Amino acid sequence: MRLARYLWTEYGTYTLGFASLFVIWQLTSIYLVGSVLFPPPTLVFRKGLVLARSGVLLEHLAASLQRILAGFVAGSLLGIPIGLAMGSFRPVRRLLEPYTEFLRFIPSVAMITVAVIWFGIGEASKIFLIIYTTIFIVILNTAAGVSAIAPNKIRAAESLGATPAQIFFHVALPATVPYILTGMRLAMANSFTTIVAAELIAANDGLGKMLWDGRLFMLVDDIFVSLVTLGLLGFVTDRLFRWAIYTFAGKYSPAT
Amino acid sequence: MPLVSFHDVQKTYRSLHGVDYPALEHFSLDIEVGEFFCLLGPSGCGKTTVLKMLAGFEAPTAGRILMDGRPVTGASRDRGVVFQGDDSLYGWLTAAENVEFGLRMRRIGKPERRERAMRYLDLVGLRGQAKKYPAELSGGMKQRIQIARVLANEPKMLLMDEPFAALDAQTRALMQVELASIWRATRTTVLFITHDIDEAVILGKRIGVMRAGPRSRVKGVVEVSLNGARSRTDDAFLAYYKQVYEMIRDEVATSLSRAD
């Protein structure tokens with residue numbers, strides 16, 4: 001009984017919210033719109049199953065996911081040290097700020113053109129774009145995290161006898177982790193936008209390519225399968241990321 | 001020779017508009033080895049500036065600050081600092097890990113530093129909270145962690161910047177009693193900053209009363225010859241309270257009229 005109540009309060013309303021989304025979609029599609037251009041979820045799921053069994057869906061999904069992961073990991077690995085250096089040393093900040101402040105206003109979608117010219121329509125151009133869309137958010141959040149460290153944390157370490165290097169590794173770095181993780185989470189959301197846009201324009205596979213083919217051959221159901229897959233994929237990745245933060249880095253929560 | 005001496009120290013702050021504010025001028029003070037010195041003054045008189053300079057966080061504009069006869073040139077583990085708020089604690093470390101931070105920086109082996117951390121957690125009455133994170137502890141407990149963290153590092157002196165100011169009245173009174181007994185047990189030299197006369201008379205062996213800023217300095221020093229645990233209802237306590245109160249009353253009035 002207590003377990004049931006726990007499950008209800010924890011997941012019940014949440015599941016209800018999700019269910020209502022599909023119910024409203026179903027009702028709108030059948031009774032309000034009634035057009036093949038807006039298929040109900042039942043139809044989309046049936047089509048999704050067909051595509052999943054044939055392996056087509058998985059192929060596109062794997063292609064998109066691989067690009068996102070490769071670019072996201074590379075972009076974070078590059079962005080974190082740059083952000084730390086910019087937040088810690090004023091000259092570095094002055095030197096690199098023109099790059100970050102200029103480039104972050106050129107949307108990654110706009111960079112698709114040059115990416116394709118430079119790297120072709122293969123994997124390289126997609127991974128370049130995901131790195132591009134990831135790196136600035138991670139840099140800015142990391143640098144902001146470093147400057148947000150309470151001065152008393154540094155002072156306390158100094159009067160406890162820590163050297164500048166020790167202060168960096170034992171105080172500045174761990175104090176910045178919550179900001180780094182937030183930056184990575186935002187970057188992950190951006191990656192989804194970018195990968196679809198890039199695959200719409202130039203790709204041989206991926207969920208974006210699936211969308212484009214759907215439009216080209218008037219396969220409305222396929223378009224919706226791709227859209228729902230994107231939504232679910234984004235939702236699941238974000239949840240996994242939050243879960244990982246909570247499990248492995250819970251003590252780095254920005255509470256104190 | 002005193003442990004610490006301020007010789008004719010001057011500190012001037014420059015505002016963003018380029019206006020100079022002389023916080024301290026001709027500030028001189030000696031602190032003896034093993035004494036509990038309370039620096040008392042109205043808000044804005046520069047008490048915290050005195051502590052920051054002795055800690056080595058800020059340099060004086062003119063004058064000399066000596067410890068053991070050598071000038072203070074920066075932060076050092078000789079002078080452990082207990083801050084007013086809890087933002088100096090490391091939220092990602094447990095209470096015990098916070099306490100052993102200084103020992104870890106000196107690469108003292110884990111068994112020894114854990115043993116020492118537990119000893120000082122015991123001293124501040126927090127042995128049972130060793131594995132908790134600061135966010136899980138109350139305000140009073142967090143200040144005790146700060147005190148244990150500094151004591152475990154065995155500094156030559158303790159600098160405390162209104163460490164109990166953010167606590168509720170009951171917790172503050174309890175912490176004062178505990179700090180007094182810790183001091184009697186360890187006999188570490190303490191510079192304790194406060195604006196609370198009651199707190200100064202409860203804790204201080206000597207009380208330095210500061211003038212209202214700007215150009216603040218020590219107005220006078222009161223020696224408190226009460227031994228052992230002090231009681232607020234003693235006649236002697238009340239007499240000292242009155243004496244310090246008379247000294248600081250005009251300064252508070254001045255500082256209030258200047259704030260208008």
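**Exercise 1.** Describe how helix 5 (residues 112-119) of chain A packs against helix 6 (residues 123-147) of chain A.

*Solution.* Start with the geometry. The two axes lie 8 Å apart, at an angle of about 140 degrees. Axes here are lines fitted to C-alpha atoms, for helices over the stretch in contact, and angles run from 0 to 180 degrees between N-to-C directions. Helices (H or I, at least four residues) and strands (E, at least two) are DSSP runs, numbered from the N terminus.

A note before going on. This is a predicted model, in which local features need pLDDT of at least 70 and side-chain atom pairs count only at pLDDT 80 or more, while totals for chains, interfaces and linings use all residues. Residues are numbered from 1 along each chain as its sequence is written, and chains are lettered from A and ligands numbered from 1 in the order in which they are written.

Next, name the orientation. Helix 5 and helix 6 of chain A are therefore oblique to each other. Angles under 35 degrees count as roughly parallel, over 145 as roughly antiparallel, 65 to 115 as roughly perpendicular and the rest as oblique. Helix 5 of chain A passes helix 6 of chain A in a right-handed crossing. A crossing is left-handed if the near helix is turned anticlockwise from the far one by less than a right angle, and right-handed if clockwise.

Now list the residues. A:Ile112, A:Ala115, A:Val116 and A:Phe119 of helix 5 meet A:Ala124, A:Ser125, A:Phe128 and A:Leu129 of helix 6. Contact means that the C-beta atoms, placed from the backbone, lie within 7 Å. By class, this contact of helix 5 with helix 6 of chain A has 7 nonpolar, 1 polar and no charged residues. Ala, Val, Leu, Ile, Met, Phe, Trp, Tyr, Cys and Pro count as nonpolar, Asp, Glu, Lys and Arg as charged, and the others, Gly among them, as polar.

**Exercise 2.** How many helices and strands are in chain A, and how is the chain divided into domains?

*Solution.* Count first. Chain A has 10 helices and 0 strands. Its C-alpha trace spans about 70 × 60 × 30 Å along the principal axes.

Domain 1 covers 1-37 and domain 2 covers 39-252. Such bounds come from an automatic or database domain assignment. The two centres, taken over C-alpha atoms, are separated by 29 Å. In chain A, 7 residues of domain 1 touch 5 residues of domain 2. The domain 1 side of that contact holds 5 nonpolar, 2 polar and no charged residues.

**Exercise 3.** Work out how helix 3 (residues 56-88) of chain A meets helix 8 (residues 164-201) of chain A.

*Solution.* Their axes come within 8 Å and cross at roughly 145 degrees. The crossing is right-handed. Among the residues of helix 3 of chain A that take part are A:Arg67, A:Gly71 and A:Phe72. Helix 8 of chain A brings residues including A:Phe168, A:Met184 and A:Glu199. By class, this contact of helix 3 with helix 8 has 12 nonpolar, 7 polar and 2 charged residues.

**Exercise 4.** Which domains does chain B have, and which helix supplies the largest share of the domain 1 side?

*Solution.* Domain 1 of chain B is 4-78 + 156-259, and domain 2 is 91-154. Their centres, over C-alpha atoms, are 26 Å apart.

The axes of helix 5 (residues 139-152) and helix 6 (residues 169-186) of chain B come within 11 Å and cross at roughly 15 degrees. That makes these two helices of chain B roughly parallel. B:Gly139, B:Gly140, B:Gln143 and B:Leu151 in helix 5 meet B:Thr171, B:Met175 and B:Thr186 in helix 6. By class, the contact has 2 nonpolar, 5 polar and no charged residues.

**Exercise 5.** In which order do the strands of the open sheet in chain B lie?

*Solution.* The 6 strands follow the order 6-7-8-3-9-10, with mixed pairing. Two strands pair if DSSP finds at least two bridges between them. From one strand to the next, the twist averages 20 degrees. Strand 9 (residues 206-210) and strand 10 of chain B run antiparallel, joined by 5 bridges. There B:Met210 stands opposite B:Val218.

**Exercise 6.** Describe the side of chain B that touches chain A.

*Solution.* Here 23 residues of chain B are in contact with 17 residues of chain A. Strand 6 (79-82) and helix 3 (101-105) of chain B each supply at least two residues of the chain B side. That side divides into 13 nonpolar, 6 polar and 4 charged residues.

How values were computed. Contact = placed C-beta atoms within 7 Å.
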